[in-house]
Amino acid sequence: MTDSRQAYTILNVDDNDGGRYAKTRILKLAGYRVVEAATGTEALELVEEAKPQLVLLDVKLPDVDGMELCRRIKSDPVNKHIMVLQISAVHTARADRVHGLECGADTYLIEPVEADELLAAVNALLRLFDRERENRQLVEQLREAEQRKDNFLAALAHELRNPLGVVSNAFHLLLLGQTPEPVSQELRDIIGRQIGHMACLVDDLLDVSRISRGQIGLTREACDFTAIVRQTVNDYRAILESNGLRLELELPSHSIWVAGDRTRLAQSISNLLQNASKFTTTGDTVTVKLNDMPDEHCAVLKVIDSGIGMEPDFLARAFEPFSQSDLGIGRRRGGLGIGLSLVKGLIEMHGGEVHVSSEGLGHGSEITIRLPTQQKLPD
């Protein structure tokens with residue numbers, strides 16, 4: 001149960017004004033938010049409006065029997081997790097208590113109830129509510145993780161099947177032994193490129209695993225981040241332009257020095273460019289901007305695309321390993337959901353931060369890297 005009882009709403013249902021007032025006063029003095037109902041009809045309306053965590057329910061009501069009301073609450077898939085504490089001054093026999101519990105009540109008390117007994121029962125039920133909520137959240141997280149695993153395996157099979165198919169076809173053509181040398185060389189080049197693609201894919205998977213286990217080491221040195229960005233972007237320019245994308249690069253005229261691993265920093269930028277290439281359609285633009293922020297002692301790199309964008313729900317988990325859009329865009333575009341996770345891990349190892357923003361589907365994405373800078377020049 002959280003420290004602040006104001007986080008909980010209790011619905012107090014009792015047609016007796018004096019009894020309702022007394023119980024409400026006890027609960028409010030203990031710090032709980034309380035809403036009241038004098039009839040079953042009012043109670044059902046407040047269950048929907050106030051979203052209480054607990055209902056303190058008198059068994060004898062003027063319009064709906066309290067036990068029937070409890071059954072209605074507990075049979076509703078949306079409200080079935082609400083705790084119900086039934087209380088009665090009339091139905092006090094053992095059979096009444098058994099019947100109340102069988103109707104779904106979580107606890108059954110007999111009036112008159114002392115304040116400490118009422119609060120103890122309320123506190124116990126709210127602790128149970130919290131545990132059940134945590135269990136439901138855990139189950140949902142496990143379900144989502146299982147779905148991400150299934151999506152990842154399907155995407156991985158697709159990513160590997162395509163280059164393997166190309167390699168297999170090229171290999172069988174070479175086995176025929178009757179292809180001219182220029183064609184044979186072209187086939188060997190194709191095989192080499194596809195093997196390289198699969199090797200990069202496996203390396204990224206291994207890196208994500210190593211980062212999660214803290215097994216990646218950095219070779220730190222003074223690096224000219226401006227030069228790293230320029231070189232990496234120029235290396236990928238032909239790939240992006242061959243996909244029909246416009247690539248714009250905005251760099252400062254001076255060097256920006258950071259302490260880091262040149263290879264891993266270039267790998268991070270490469271992954272952002274690959275991500276932009278996959279999710280930006282022909283004719284759109286990918287913009288890379290690097291700014292020096294001397295007052296903040298950091299370098300800010302932005303990779304902005306005018307592509308398909310991200311839905312708001314996906315932004316919160318964009319950096320989780322194997323996360324893919326609920327719409328399946330990643331699978332259609334050939335993404336495994338590891339690129340941004342890998343970038344985040346590598347940049348954070350450099351003491352930096354990574355953020356992603358998007359105004360929604362169809363409005364592109366902006367990924368920002370912030371790295372701490374240093375004043376010391378390289379030897």
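Reply: A salt bridge is a side-chain nitrogen of Lys or Arg within 4 Å of a carboxyl oxygen of Asp or Glu, and by that rule the structure holds 14 salt bridges. This is a predicted model, in which local features need pLDDT of at least 70 and side-chain atom pairs count only at pLDDT 80 or more, while totals for chains, interfaces and linings use all residues. Residues are numbered from 1 along each chain as its sequence is written, and side-chain values use heavy atoms, with hydrogens and water left out.

The part to look at closely is helix α1, which covers residues 17-29; helices (H or I, at least four residues) and strands (E, at least two) are DSSP runs, numbered from the N terminus. Helix α1 has 13 residues and reaches 18 Å from its first C-alpha to its last, close to the 18 Å expected at 1.5 Å a residue, where the expected span is 1.5 Å times one less than the number of residues.

Just after α1, G31 takes a positive phi of about 105 degrees.

Now consider which residues of α1 are covered, where buried means under 20% relative accessible area, exposed over 50%, and partly exposed in between (1.4 Å probe, protein chains only). The buried residues of α1 are R20, K23, T24 and L27. Seen down the axis of α1, these buried residues fall within an arc of 100 degrees, so they line one face of the helix; the arc is that of the directions from the helix axis to the C-beta atoms. The face turned away from the buried side carries the exposed residues Y21 and L29.

The side chain of R20 meets that of D17 in a salt bridge, at 3.0 Å from N to O, and both residues lie in α1, three residues apart, about one turn of the helix. R20 counts as buried because its relative accessible area is 12%, whereas D17, at 52% relative accessibility, counts as exposed.
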